[in-house]
Amino acid sequence: MTIETAHEKLAFAAPFAAAESREATAGRLGYLSGSPRVSTRADAETTGARAHILGTIGGFEAHGWRVERYVVGDMVPRAWTRKGSQQAISKSLPRRLAADAARIVLARRNARRAHRALAGRVDLVYERFGAFQALGAAFRRDGVPWILETNGPLFHEAKVERRSLALSGLAKRMERAAYRDCDLLVCVSDDLREIIVDACGVSRDKVVVIPNGVDTAFHDPASYAPRRLFPGFTVGFVGNLYAWAAVDLLLDAVADLRREGVAVHVTVVGDGLTRERLEAQVRALELGDRIAFVGRVERAEVPPYVAGFDVGYSGQVSSQLGRMYHSPLKIYEYLAMATPVVASAFADARRATGDGATGWLFAPGDRAGLVAALRRAHEAHAAGDVLPRMGRLARETVVAHHGWPARVEMLIERARRLLPGRLPPGGAG
């Protein structure tokens with residue numbers, strides 16, 4: 001199959017997946033998400049979670065599964081999921097306690113409601129784990145396989161990194177129980193698997209690693225006009241502004257390059273807990289004419305901004321647990337938009353860039369390394385045709401290997417091997 005044929009196949013999968021899935025040729029999936037703040041609505045604050053949910057559902061549908069969803073965040077008042085909802089929780093301990101109490105009450109209620117809505121209608125349940133949530137347990141008692149997906153050690157992340165959790169001891173006990181009780185646990189990185197196995201006593205044999213992917217039909221540069229905020233060489237960042245994103249490191253590197261006479265501009269699309277600190281850093285470094293904070297935008301507005309970047313930035317550093325356990329969606333989204341990357345050299349970046357074929361890698365947290373990578377990217381931009389060629393290769397590589405249908409195919413194949421005879425016989429894998 002040529003790259004063009006693969007691109008065409010994946011691009012048309014999403015629009016027609018819903019119609020094909022009604023035939024349920026492969027099986028019937030119940031997609032569960034119990035977190036009240038995680039929503040697939042266009043104005044949801046948790047943009048990464050939304051992309052992952054829609055991507056996973058679309059991947060199953062592309063392989064002929066009929067998917068019925070029970071996503072709590074799509075049912076709660078919009079104020080719970082919109083911009084500012086996390087900051088409102090993080091402001092004080094009483095608010096975090098109230099939020100925890102609400103999660104616990106809703107978890108029991110929604111577990112019953114999800115079971116009533118989908119019992120007898122699904123062959124498999126796939127749940128995105130949320131703090132205090134375990135909606136799939138009731139289905140497992142019915143004999144339906146329960147696949148649980150985790151994107152981080154939430155007992156740590158929600159308390160320390162996001163400051164959105166108060167009852168961390170109870171949350172950890174419930175999280176460990178869910179990981180142990182499910183039939184199969186999906187982690188997005190090898191480092192996350194090691195953290196979960198070590199901290200939660202989960203058998204390594206039941207854990208599979210499935211990195212994040214990308215909707216290559218939605219993230220297609222042919223569909224958008226670039227939106228540029230600066231005429232000169234521009235590095236772009238898309239995502240939530242947490243400490244682990246290391247946007248502060250990027251700002252320091254831009255200041256270093258300015259002293260060398262190298263002009264680098266930065267467009268930041270997103271919001272989060274560190275935004276005020278980053279804006280203060282821009283003022284202190286006197287970079288106001290070179291840095292733009294766009295804020296959070298609707299999903300449909302993101303690709304035009306990415307199309308206007310010369311390179312995309314993904315500079316994750318290790319968390320306070322000492323590891324970088326995320327699988328950055330942004331890397332795959334940049335590359336799908338034919339935008340080369342400057343990225344910290346963790347597994348996803350090495351995998352997606354071919355160790356530098358479609359971007360420049362630097363050691364995580366290494367300011368001098370980042371400066372050198374940005375300098376090389378700037379030189380490539382000045383050469384005229386280097387970045388476009390890298391971008392075309394990036395797009396071809398992602399379409400062929402990193403779309404959501406490919407990720408779901410990997411998951412189904414491993415689930416069939418680890419849960420023999422328990423999945424429907426048709427479809428991928």
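Glu286 sits in the loop between helix H10 (275-285) and strand E9 (291-295); helices (H or I, at least four residues) and strands (E, at least two) are DSSP runs, numbered from the N terminus. Although Glu286 is not a glycine, its phi is positive, at about 55°. Glu286 counts as exposed, at 61% relative accessibility. Here exposed means over 50% relative accessible area, buried under 20%, and partly exposed in between, with a 1.4 Å probe and protein chains only.

## The model and its numbering

This is a predicted model, in which local features need pLDDT of at least 70 and side-chain atom pairs count only at pLDDT 80 or more, while totals for chains, interfaces and linings use all residues. Residues are numbered from 1 along each chain as its sequence is written, and side-chain values use heavy atoms, with hydrogens and water left out.

## The protein as a whole

The protein has 16 helices and 12 strands. Of its 429 residues, 56% are buried. The accessible surface comes to about 17100 Å², and carbon and sulfur atoms hold 51% of it. Accessible areas come from the Shrake-Rupley method with a 1.4 Å probe, and for residues only the protein chains shown count as cover.

A contact means heavy atoms within 4.5 Å. Among the contacts in the protein with a separation of 6 or more, 74% are between residues 24 or more positions apart.

## Two other positive phi values

Ala246 also belongs to a loop, the one between strand E7 (234-238) and helix H9 (247-260). Phi of Ala246 is near 55°, a positive value in a residue other than glycine. Ala246 is buried, with a relative accessible area of 3%.

Helix H8 (residues 190-200) has Leu192, Ile195, Ile196, Val197 and Cys200 as its buried residues.

## Buried positions and their neighbours

Ser35 is located in the loop between strand E1 (27-33) and helix H2 (47-62). With a relative accessible area of 16%, Ser35 is buried. Leaving aside residues up to four places away in sequence, Ser35 touches Val72, Gly73, Gly130 and Gln133.

Val399 is part of helix H15 (residues 386-401) and counts as buried at 3% relative accessibility. From C-alpha to C-alpha, Val399 and Thr216 are 6.1 Å apart in space, while 183 residues separate them in sequence.

## Salt bridges

Side chains of opposite charge can pair when their charged atoms come close. A salt bridge is a side-chain nitrogen of Lys or Arg within 4 Å of a carboxyl oxygen of Asp or Glu. The whole structure contains 22 salt bridges. One of them joins the side chains of Arg395 and Asp220 (3.5 Å, N to O). This pair links distant parts of the chain, with Arg395 in helix H15 and Asp220 in the loop between strand E6 (207-209) and E7, 175 residues apart. Arg395 is buried, with a relative accessible area of 8%, and Asp220 is buried at 12%.

Arg259 and Asp256 are separated by about one helical turn because they are three residues apart in H9. Arg259 counts as exposed at 58% relative accessibility, whereas Asp256 counts as buried at 17%. In helix H10, Glu279 and Arg275 are four residues apart, which means about one helical turn between them. Their salt bridge has its closest N and O atoms 3.0 Å apart. Glu279 counts as partly exposed at 25% relative accessibility, while Arg275 is buried at 17%. Elsewhere, salt bridges that share partners join Asp190, Arg193, Glu194 and Arg204 into one network.

## A positive surface patch

Arg108, Arg109, Arg112, Arg113 and Arg116 form a positive surface patch. Patches are made of residues with over 30% relative accessible area and no salt bridge; like charges are joined within 9 Å, and nonpolar side chains (Val, Leu, Ile, Met, Phe, Trp, Tyr) within 5 Å. Lys and Arg count as positive and Asp and Glu as negative, while His and the chain ends are not counted. The place of a charge is taken as NZ of Lys, CZ of Arg, CG of Asp or CD of Glu.

Arg113, one of the patch residues, lies in helix H4 (residues 93-118). Arg113 is partly exposed, with a relative accessible area of 41%.
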